[in-house]
Amino acid sequence: MAAEPVPGLRLPELADSQFRLLQRLMLEASGIALAANKRPLVAGRLMKRLRHYQLPGYEQYLQLLEQPHYLAERRLVVDLLTTNETYFFREPAHFAFFGQWLAKRKGALRIWSAACSSGEEPYSLAMAVSEHGTTQDWSILASDLSLSMLERAASGIYDLAQARHFPEGWLHRYCLNGVGAMHGRFRVQAALRQRVSLREVNLVQPLPEGVGPFEVIFLRNVLIYFDNDEKQRIVRRLVEQLVPGGLLFIGHAESIHGFGLPLRLLSPSVYQHL
Ligand SMILES: C[S@@+](CC[C@H](N)C(=O)[O-])C[C@H]1O[C@@H](n2cnc3c(N)ncnc32)[C@H](O)[C@@H]1O
């Protein structure tokens, strides 16, 4: 996302030392280590905050961030600098595996989508459980660090184009088509939304009270942002919340190889707690 140039204005530079301060802020707040090549992206994404406060440069913005009553602004920086890309039924092999597992499994089901972004993952899971599950006793915890993503997830409203990976017929079965001002959008059915509770959870911190245990944890496309030690701590903490026989899904591009955890590989990037 690049900053749009304002005619007649020179874009301020994000100096090395300023970028380092932002790297530290991100690391402390989210555990995410911003690589050096992310500097233009950081400058671009924060440009709109400089405009918002009508500041001439990043120096003044960083001074503002240091003030204690700008806590919400520091959160916004983390929001702006995290990658929230997601879509419904992402990594279809996971949903194929999960659907078959659901059809065979009996008993209550507690599922955690542990970096849920704007909600596409937990709502895909909710549709899969409705379709293939054998129990009425199920719930999904959907958590993320980003409050703005959790707000979007809470609405359950998406553009119709985002339904392109839905299995045939599921859009009509599990969602409501928008009319009037909502034309071109859809909303996940209330019956499914009610199964999904949204909560702020920062994965680099100890888990809040009452999180877990779970039969299934989706921890996908978030480990990629952490260094190996942090990754290992996060996965260990989450695996402690999996019941024996429970499933852990990680992103296909991610690896937890060599972490020495009580897990066995069932299918690519799908693990079972021993
Ligand atoms: C790329 S999205 C992945 C969304 C979804 N799991 C998927 O696979 O499509 C990564 C999400 O991780 C969240 N995230 C980043 N750092 C986090 C942290 N320390 N704790 C919790 N969530 C975090 C971001 O806010 C973002 O919504």
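Trainee: Which strand do three bridges join to β1 (residues 109-113), and in which sense do the two run, parallel or antiparallel?

Mentor: Bear in mind that this is a predicted model, in which local features need pLDDT of at least 70 and side-chain atom pairs count only at pLDDT 80 or more, while totals for chains, interfaces and linings use all residues. Residues are numbered from 1 along each chain as its sequence is written. Strands are DSSP runs of E of at least two residues, and helices are runs of H or I of at least four, both numbered from the N terminus; two strands pair if DSSP finds at least two bridges between them. Here Trp-112 stands opposite Ile-217 in β7, and the three bridges join β1, in the parallel sense, to β7.

Trainee: Why is β7 described as largely enclosed by the rest of the structure?

Mentor: A residue is buried if 20 or more other C-beta atoms, placed from the backbone, lie within 10 Å of its own, exposed if 12 or fewer, and partly exposed in between. β7 is largely enclosed because the number of its six residues that are buried is five.

Trainee: Which helix does the chain pass through between β7 and β8?

Mentor: β7 (residues 214-219) and β8 (residues 242-250) pair in the parallel sense over five bridges, and Val-216 stands opposite Leu-247 in β8. The β-α-β crossover is right-handed, which means that, with the strands pointing away from the viewer, the path from the first strand over the helix to the second runs clockwise. The connecting helix, residues 228-239, is α10.
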